[in-house]
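Keep the sequence at hand as you read.

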Amino acid sequence: MYLGGEQAFSHTLHDFFISCSWLENTNNSDGCGSAEKFGRANWAGPDNNINIFYSLAAFQVAYFFLSIIASTLPVPAGIFMPVFVIGAAFGRTVGELLRLNYPNGVIEGILTTRVHPGIYAVAGAAAFCGAVTHTVSVAVIVFELTGQLVLLIPVMIAVLVANAVCSYLQPSIYDSIIKIKHLPYLPDISHSSSIVIFGKGFFRELFPKEEYIHQESIN
């Protein structure tokens, strides 16, 4: 349904960000169950016979290539929302895998920390979107979208690390599109060394060679 366009991005994000686990078909606080707040049939099939990890993997692969095709077409198309949803799907996959391996939570002494896949989906969406666009402001967008400031530390760490790694490897998606399509853009600001060289050349044009050497010897 999500590949056919019957599910909007807002509904898909709601399924990704929901805190309960897709693996548990119960209506308690841990499992999403078959309640209307979660469209299980969209991911596990109408008969609940499809593995959710297969659905998540197919979703990520399909939307990854479809987003590439859509962003290169000569028509106005946004890149922020598709990238945001792909990151949420990847984070949801990681969260569900951890929930599968630690069904009772991570036990450290007398403390037990439950694994909430929705938190991983939020961090994955922010990190992937920040890495592609090379922006940190996506973290603020996530906080406004979810209204959960308790996720401040994990989301900021994920965004900063992803942004730093991708900034070192390649330019942002916007700069890449500009260079590929040969669109006009403002060049980068020159470094201070080039300004000094330009200043020396400027003074050589104003003063004769002997006078310029004399001025340098005085200084």
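**Pockets and core**

The second largest pocket is lined by Phe17, Ser19, Gly118, Ile119, Val122, Leu145, Thr146, Gln148 and Leu151. Keep in mind that this is a predicted model. About 160 Å³ of space lies in this second largest pocket. Helices α5 and α6 each supply at least two residues of its lining. α5 gives the most, with three residues. By class, the lining divides into five nonpolar, four polar and no charged residues.

Now turn to the largest pocket. It holds about 320 Å³ of space. Its lining counts 17 residues, and Phe64, Ile68, Val132, Gln170 and Ile173 are the closest to its centre. Two or more lining residues come from each of α3, α4, α5 and α8 (173-180). α3 gives the most to this lining, with four residues. Here the classes are 11 nonpolar, six polar and no charged residues.

Next comes the core. The largest nonpolar core has 32 residues. Among these, Phe16, Phe17, Trp22, Phe59, Phe84 and Val155 touch the most other members. Phe17 also lines the second largest pocket. Seven helices each supply at least two residues of this core: α1 (9-17), α2 (41-44), α3 (52-72), α4 (80-101), α5 (117-133), α6 (138-146) and α7 (152-169). The largest share, six residues, comes from α4.

Which residues does Val155 touch, leaving aside those up to four places away in sequence? They are Val122, Ala123, Ala126, Ala139 and Phe143. Val122 is also in the lining of the second largest pocket.

Definitions and conventions
Residues are numbered from 1 along each chain as its sequence is written. This is a predicted model: local features need pLDDT of at least 70, side-chain atom pairs count only at pLDDT 80 or more; totals for chains, interfaces and linings use all residues. Side-chain values use heavy atoms; hydrogens and water are left out. A nonpolar core is a set of buried Ala, Val, Leu, Ile, Met, Phe, Trp, Tyr and Cys residues joined through side-chain atoms within 4.5 Å. Buried means under 20% relative accessible area, exposed over 50%, partly exposed in between (1.4 Å probe, protein chains only). Contact means heavy atoms within 4.5 Å. On a 1 Å grid over the protein atoms alone, a cavity is a set of points where a 1.4 Å probe fits but cannot get out, and a pocket is an open set with protein on both sides within 12 Å along at least five of seven lines; lining residues have an atom within 4 Å of a point. Grid points are joined across faces, edges and corners, and a volume is the space filled by probe spheres set on the points. Ala, Val, Leu, Ile, Met, Phe, Trp, Tyr, Cys and Pro count as nonpolar, Asp, Glu, Lys and Arg as charged, and the others, Gly among them, as polar.
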